[in-house]
Protein chains: 2
Amino acid sequence: MYRDRLTRRAFVNLVGRAGGVGAAYGTLTAMGLLAVPEAYAGRPDLARHGGGRGVKVAVIGAGVSGMVAALELSAAQYDVRVFEAQERVGGRIRTYRGGDTVVENGSVQRVDWDRDPGLYFNAGPARFPHHHEALLGYCRDFDVPLQVFVNDNRAAYLHDAAAFGGRPQRARRVITDTRGAVAELAARALKQDLDRPMSEEDLARVRDFIQGFGGLDGNYRYTGSPDAGYSEPPGGPEPGQVLEPLDLVEISKGSSLRWRALFSEQYPQQSTVVEPTGGMDAVARAFYQRTRRFITLNAQVTKLRRAGSGAQVTWRDRVTGRVQVWDADHVIVTVPLTVVNAIDSDFSPPVKRAVEAAVPYYIPAVKIAFQADRWWEKDHQIYGGISWSSRDITQMWYPSSNLHAREGILVGAYIWTHDIGNSFSAMTPAQRAAAAVADGEHLHPGYRNLVRRPVSVAWPNVPFQGGAWIDWGDDLATRRDIYSVLLPPDGPYWFAGERMSHINGWQEGSIRAAHNVLHGIQARVTHG
Amino acid sequence: MYRDRLTRRAFVNLVGRAGGVGAAYGTLTAMGLLAVPEAYAGRPDLARHGGGRGVKVAVIGAGVSGMVAALELSAAQYDVRVFEAQERVGGRIRTYRGGDTVVENGSVQRVDWDRDPGLYFNAGPARFPHHHEALLGYCRDFDVPLQVFVNDNRAAYLHDAAAFGGRPQRARRVITDTRGAVAELAARALKQDLDRPMSEEDLARVRDFIQGFGGLDGNYRYTGSPDAGYSEPPGGPEPGQVLEPLDLVEISKGSSLRWRALFSEQYPQQSTVVEPTGGMDAVARAFYQRTRRFITLNAQVTKLRRAGSGAQVTWRDRVTGRVQVWDADHVIVTVPLTVVNAIDSDFSPPVKRAVEAAVPYYIPAVKIAFQADRWWEKDHQIYGGISWSSRDITQMWYPSSNLHAREGILVGAYIWTHDIGNSFSAMTPAQRAAAAVADGEHLHPGYRNLVRRPVSVAWPNVPFQGGAWIDWGDDLATRRDIYSVLLPPDGPYWFAGERMSHINGWQEGSIRAAHNVLHGIQARVTHG
């Protein structure tokens, strides 16, 4: 029982450094490890083959993608400069606390919450799953403290106006009774002829399995399960009384219930999900600490022009108004495609068209937060997690940390559909808050008296953001077409950010996209 | 949006105080709140009707049940004394850290782990769910810091020697592919005649619902889902390749896989589950801080004799050997039934028989922990949660907190079946560790080099415990018979502890059982 000297990961990294990602994959396969792959080869080693040797790289935008580029390029002797139009870094990472100001085009809100480390609001990214290895790797390297984020809470409520007369149901009940009813149907199908061959022995075993899966009785009927909860909970002398099962027909009337009940079954939402302790901006701070000398704040890039094999970057200091230029060999564009058009560029026509085609896919997300007593813990035994509503607010997030503190920040609305998002973005912050409070009543009667001091962020209105993230929905062909244009370099121009990854809408995508561009630049520098 | 002045809970408590639990329930029903009940009326208010007025209560055992009794009785002017045979309080709450000593009948282990607040091992209770309101209430009242405990981790492994050639599978894959296959069968059943009436419209809706539930294709076939994971994960330019679905017939061969895949679907294991930050003994410390003046340590009760309407308690100081007596009006027995027989008592014959009948239901639980580098995070993206094996170790627990710390305490075995528990209890600690290491290899190849410094606790061997907790299994009729004898007082004798509740094996049960006895004593004192 000695400490091992070379973990699998270390070995794979070693191979990855020596021979690239392909070699690492080959090694994994040879090791028989690809039964459980999900391998991420680690941070790019750009110093190989002599590194950047002073090659000049301009990075537009100091979000996660831009700071990753700055970090890795600078470590490999590239001459990197990051131009950030705002007076802050982190892009969509925005953690608000008492005393902060929320500036949107058209409104300014002062956050008047109590000053307490536990009272924070991640208006942008707020969580990430265990398989976002690149982000997790940086958090590990940077000692960003992480804690468990509750994504799946069976005590939270599912509310759909079309089912159960609009009465919210505990998630545990919908989930358990759905499983039971579906299993009962499946057991019935097993009685019939199956069109695939199954031995008698297999059939009996599968049936037994399904019986257990659904909590069916001896006749393969679902008659309810303690997993759904109790009408009278067990206690000292009381054995408890299990709830009557919900009818699948009634459940299915809430078209959204299916999706909501399965939310944390999705790959990106599956446990374990984590968050940085005290706010997501810990990630931005950690990157900034290591890259600040390469970053110029308030530096708005206004013009991009090809020059030789490189490009000239023109930028304006938003404080002094002074305009300057920098000649770079490569330019990495990490700012949202919604604001790329504000730059006077000579991108090729196909690239310009692809950018334009992508813009409508940006989600006009809106989040609304309140300070509140932690009544959800005391009155509902809800510790973290998400309730869902078919009303506009869509989701309500209860804080996962500082459990049993007196107060907490409740996210009373998390909207990420085009119609509702646009409608809320057109409202004043006060109107949004009022609408969210009214909707919240449907989940928690008395809600209007339970929350206070609203703060909202409508991402379409945030300067230099112009939206939240790209969601291609089912338009994967569109994504493929757009990526086929934007993933390869357009001369000296490279596009990064989550929108250039297959992990859209997550910081992990931003990092992976940046790594991809960095590998591309490295290949150019090494092989000409 | 003002702070509300009287929460539902506060109101229910108020009613509860005025009229008892029954009134509180009635009020809840009248308020229409029993749609989502799970109401716990709060800590008993024993001071009503004048309180204890010096009535003498002896409590045997300073576990959670005993300390709850001491706390609530002393607050209501009862004259309470707790006799604890050990030199410590907390009963089965045992949190081990570097420098501690584990004493069993027959062995002594020195815990040689590094001294670090993150390196702790809860050998007894280690978590509790969000609906354990009594325990949560005390934690709130006592400011015991809580954090989220990862019970459900889809990245953890399920291993069953009888399925997949013994190759461990990620939980996400087994769970997702089971759901898909069962949904496919259910959709097929819907094509057949159903024996309950369902309109065409309902049928179409339910079918659509099941399609979504299982991730079925347009033909209601399950052909795999990203929720099961990827053979090639998505990244920057890579769209990813979803894993082939596992065959339900093969899954069903692992008879334990069903249970394991559904583990966190069970009511007591459902999210949100929490643990005290830094170790479960924070609960014991919090109670002890408030009850220490009523507790005598090293005080082994050797004899109980009825005297008048009360009883005489004879106890021996285990340090000085001095024997003393205390005359009490009531005696609350909270020590495990496995050790009750060591007391020379005049319990009634039915009570003695019931105690004897209950003893075989005590689980001979064993836990084995190791210090280790956190290779499970780096190499497997496992952040907390539980892997399962059909080998003897049964479970492997990864720590939920101090994520990304360099080292962690890995629970390499959590055994809670009679045969394996007894077999491991008969081994030396070194033998147990070796067996656990060999089993661990089946979950994590190379395991023997990945863990070190084993510490184990076999609960049958722990002095004054003699087992872990009672699990009645399917013998609910036995429980009913035994409870019918042990729940009512036997003259001055009252039995508490989790074994006297319907929440067996949990601290919540201990508290509820104690509350039940306290209400009984209060009724006696008030109404004679």
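This is a predicted model: local features need pLDDT of at least 70, side-chain atom pairs count only at pLDDT 80 or more; totals for chains, interfaces and linings use all residues.
Chain A can be superposed on chain B with an RMSD of 0.0 Å by a turn of 180 degrees, with a shift of 0.0 Å along the axis. That is the relation of a two-fold axis. Within chain A, the residue that comes closest to this rotation axis is A186(A), whose C-alpha lies at 1.9 Å. Of the interface residues of chain A, 100% are also interface residues in chain B, so the copies meet through the same surface.

In soluble globular proteins, nonpolar side chains tend to be buried together. The largest nonpolar core here holds 173 residues, and the members that touch the most others are V331(A), I332(A), V331(B) and I332(B). Beyond its neighbours within four places in sequence, V331(A) is in contact with A58(A), I60(A), L304(A), A311(A), V313(A), P492(A), Y493(A) and W494(A). A second, separate core has 112 residues, including V174(A) and W416(A) as well as L158(B) and L190(B).

L190(B) also takes part in a helix pair, being one of the residues of α4(B) that meet α5(B). Helix α4 (residues 171-191) and helix α5 (residues 200-214) of chain B have axes that come within 8 Å and cross at roughly 165 degrees. The two helices are therefore roughly antiparallel to each other, and their crossing is left-handed. On the α4(B) side, the residues involved are R179(B), G180(B), A183(B), A186(B), A187(B), L190(B) and K191(B). Their partners in α5(B) are L203(B), V206(B), R207(B), I210(B), F213(B) and G214(B).

Another helix of chain B, α8 (residues 281-291), is mostly covered, with eight of its eleven residues buried. These buried residues are D281(B), A282(B), V283(B), A284(B), A286(B), F287(B), Y288(B) and T291(B). They pack against helices α2 (64-74), α3 (133-142) and α15 (507-527), and against strands β3 (95-96), β13 (273-276) and β14 (295-296), of chain B.

Burial is found in a loop, too. I382(B) sits between α11 (375-380) and β21 (385-389) of chain B, and with 0% relative accessibility it counts as buried. Apart from neighbours within four places in sequence, the contacts of I382(B) are N153(B), A155(B), A156(B), Y157(B), R170(B), W376(B), E377(B), Y398(B) and H444(B). I382(B) and S400(B), 18 residues apart in sequence, are separated by 9.6 Å from C-alpha to C-alpha.

Technical notes: Residues are numbered from 1 along each chain as its sequence is written. Chains are lettered from A and ligands numbered from 1 in the order in which they are written. Side-chain values use heavy atoms; hydrogens and water are left out. Copies are superposed by least squares on the C-alpha atoms of residues with pLDDT of at least 70 in both. Contact means heavy atoms within 4.5 Å. A nonpolar core is a set of buried Ala, Val, Leu, Ile, Met, Phe, Trp, Tyr and Cys residues joined through side-chain atoms within 4.5 Å. Buried means under 20% relative accessible area, exposed over 50%, partly exposed in between (1.4 Å probe, protein chains only). Axes are lines fitted to C-alpha atoms, for helices over the stretch in contact, and angles run from 0 to 180 degrees between N-to-C directions. Helices (H or I, at least four residues) and strands (E, at least two) are DSSP runs, numbered from the N terminus. Angles under 35 degrees count as roughly parallel, over 145 as roughly antiparallel, 65 to 115 as roughly perpendicular and the rest as oblique. A crossing is left-handed if the near helix is turned anticlockwise from the far one by less than a right angle, and right-handed if clockwise.
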